[in-house]
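Have a look at the fold first, and then we can walk through it.

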Amino acid sequence: MDVVLDFLRTYATAIAVIGISALLALSVWLTLYAGQLTLGNAAFMGVGAYVSALLGRHLDTPFPLALLAGAITAGIVAVPLGVTVFRLRGVYLAIATLAFGEVVRVILLATPITGKGQGLNGIPPKTELWQIYLSLAVVAYVLWRVQGSTVGRAWAAIREDELASASQGIDVGRFKLAAFVIGALIAGWSGGLSAHLTFSIDPSDFGFSKAVQILVFAIVGGIPNVLGPIVGAALFTALPEILRPLKDYRDIFQGLILLGVIVFLPRGLVTFLDVRRTRKLEQIGAADVA
Amino acid sequence: MLLETAGLTKRFGGVTAVNAVDLAVDERTTLGLIGPNGAGKTTLINLVSGVLVADEGTIRFAGADVTRERAHRLAARGIARTFQGVRVFKGLSALDNVLIGAHTQLRPDVLTRLVPSRRPAETVDALALLERVGLGRARAHALAGELPYGDQRRLEIARALASRPRLLILDEPAAGMNATESAALRGLMRSLVAEGLTIILIEHDVRLVMGACDRVVVLNFGRKIADAAPAEIQRDPVVREAYLGSEDAA
């Protein structure tokens with residue numbers, strides 16, 4: 001027991017960051033599951049972080065309420081944005097959401113109340129480990145169950161074929177928007193948790209590199225099921241720690257691992273077990289019955 | 001009258017793909033839609049199912065003006081269709097394909113799904129539909145994209161039927177089917193009409209069209225050139241000319 005507690009104490013921050021990364025990865029998983037490539041979730045995270053931190057500072061809002069307000073604000077911002085950008089597809093959609101992220105960053109840089117370039121300092125460390133992992137458990141469970149519902153099937157159908165989906169009576173535009181807004185809510189919630197973990201936030205925390213990082217967690221982990229983003233986030237958050245002994249070569253090895261996963265497991269880390277099973281079946285000539 | 005179009009017109013650039021077509025389909029009948037390649041059959045079907053919006057003319061379905069309604073609204077009203085060259089959801093199981101077809105029939109169940117439960121009623125219905133089109137339960141969990149082509153066509157019909165439509169539009173359903181399969185399709189269509197369904201059939205298989213349809217409409221260069229019972233269509237000189245070229249040229 002003492003060993004476990006020691007471990008938790010030593011790595012508390014890393015474990016907390018992994019949990020928040022996993023939440024963010026799940027937030028973008030939702031739109032990816034519906035076949036839409038969006039890169040706005042770092043900005044939604046920023047909205048949640050700033051709104052919750054400012055509410056706590058200026059209005060003394062209780063922590064859970066501040067978190068909720070941050071998430072809902074991100075969700076509200078996502079509605080008009082989603083209505084506008086979902087006229088686009090593929091790369092164009094990705095670029096449009098990326099542009100939105102830049103707009104948010106510039107607004108944060110220019111506004112006095114958000115502390116401009118210095119950001120906000122002295123945010124009280126209210127986030128507890130159990131809060132992060134309870135949030136993660138709830139979000140992961142709900143998303144897992146949603147896949148078997150009419151809504152989850154509609155998202156999968158849209159990913160497969162939009163025209164055929166519409167002919168089944170699925171309001172494609174509305175379902176895409178729903179995935180986007182729920183993703184923004186989750187990202188906003190994780191932003192609030194993150195802000196009250198790190199003491200200080202500034203606009204560069206929620207920029208382009210964060211957006212790409214979140215996407216990498218989800219894609220590398222795998223889209224076929226909800227475990228993928230969690231595994232991806234855990235691995236790529238822990239990797240810098242694990243590779244610390246390599247010192248200067250750390251980034252190179254991290255890059256090589258990323259490359260290896262993309263090349264050999266293009267559908268994500270979680271498909272590793274499936275691949276092995278298929279290989280075995282092929283060897284005994286039984287792939288047909290699999 | 002279940003479906004009625006008046007002066008329906010669609011242009012693509014300089015080409016008039018569908019030109020002032022009047023169509024009237026009675027309830028519980030099967031209408032055949034034939035014509036040479038490029039005659040505008042699929043475009044007409046895309047207008048009726050809301051995939052495309054007409055430039056001119058009107059569409060009435062079950063008494064309501066639905067001219068400008070989009071595909072998902074029309075599906076909810078009871079128009080289901082298959083596509084020329086199948087469009088099943090290839091990466092999903094056959095069962096999921098049919099369940100998605102039932103989208104308009106099912107209540108949103110996100111909240112009830114949060115609690116793990118026994119196999120829901122809609123799954124039972126979907127399996128029964130797979131059996132009815134001749135796919136069987138054994139393949140219910142196979143990925144749609146891994147099924148043989150003929151089975152994908154059957155799956156697409158099961159998916160369309162899952163919405164409990166009033167009008168079913170089949171776009172070349174027998175393409176790639178052998179004589180036995182095409183006969184089974186004809187039997188299925190007959191029993192569906194007996195149960196109250198209305199069908200529009202686009203097909204090149206003349207035997208299927210003549211055997212299954214109560215009336216046949218012939219399109220050529222976007223215009224309706226004939227609209228009669230199958231036996232009359234076969235004797236119609238205008239139709240023969242459209243298909244075989246004029247007597248002089250021959």
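Helices (H or I, at least four residues) and strands (E, at least two) are taken here as DSSP runs, numbered from the N terminus. This is a predicted model, so to speak of local features takes a pLDDT of at least 70 and side-chain atom pairs count only at pLDDT 80 or more, while totals for chains, interfaces and linings use all residues. Residues are numbered from 1 along each chain as its sequence is written, with chains lettered from A and ligands numbered from 1 in the order in which they are written.

**Chain A overall**

Chain A has 12 helices and 0 strands. The C-alpha atoms of chain A fill a box of roughly 65 × 50 × 35 Å along the principal axes.

Call a residue buried if 20 or more other C-beta atoms lie within 10 Å of its own, exposed if 12 or fewer, and partly exposed in between, with C-beta atoms placed from the backbone. On that count, 47% of the 290 residues in chain A are buried. Two residues are in contact if their C-beta atoms, again placed from the backbone, lie within 7 Å. Of the contacts in chain A with a separation of 6 or more, 76% link residues 24 or more positions apart.

Take Thr271(A), which is in the loop between α11 (250–264) and α12 (272–283) of chain A. Leaving aside neighbours within four places in sequence, Thr271(A) is in contact with Gly222(A), Pro224(A) and Leu265(A).

**A helix tucked away in chain B**

Helix α3 (residues 94–101) of chain B has 8 of its 8 residues buried, so it is largely enclosed by the rest of the structure. Its cover includes α6 (150–160) of chain A, along with α5 (121–132) and α6 (149–161) of chain B. One of the buried residues is Val98(B), which touches Ala126(B), Leu129(B), Leu130(B), Ala158(B), Arg159(B) and Ala162(B), not counting residues up to four places away in sequence.

A nonpolar core is a set of buried Ala, Val, Leu, Ile, Met, Phe, Trp, Tyr and Cys residues joined through C-beta atoms within 7 Å. In the largest one, with 154 residues, Ala25(A), Val98(B) and Ala158(B) touch the most other members. Helix α1 (residues 2–33) of chain A gives this core its largest share, 13 residues.

**Where the chains meet**

At the interface, 26 residues of chain B are in contact with 22 residues of chain A. On the chain B side, α2 (71–77), α3 and α4 (110–113) each supply at least two residues.

**Strands in chain B**

Two strands pair if DSSP finds at least two bridges between them.

| Strands | Bridges | Opposite residues |
|---|---|---|
| β9(B) and β10(B) | 5 bridges | Val216(B) and Ala228(B) |

Elsewhere, an open sheet of 4 strands runs in the order β2-β1-β4-β5 (chain B), with antiparallel pairing. β2 (15–25) and β5 (64–65) of chain B each have a single partner strand, so one side of each is left without a neighbour in the sheet.
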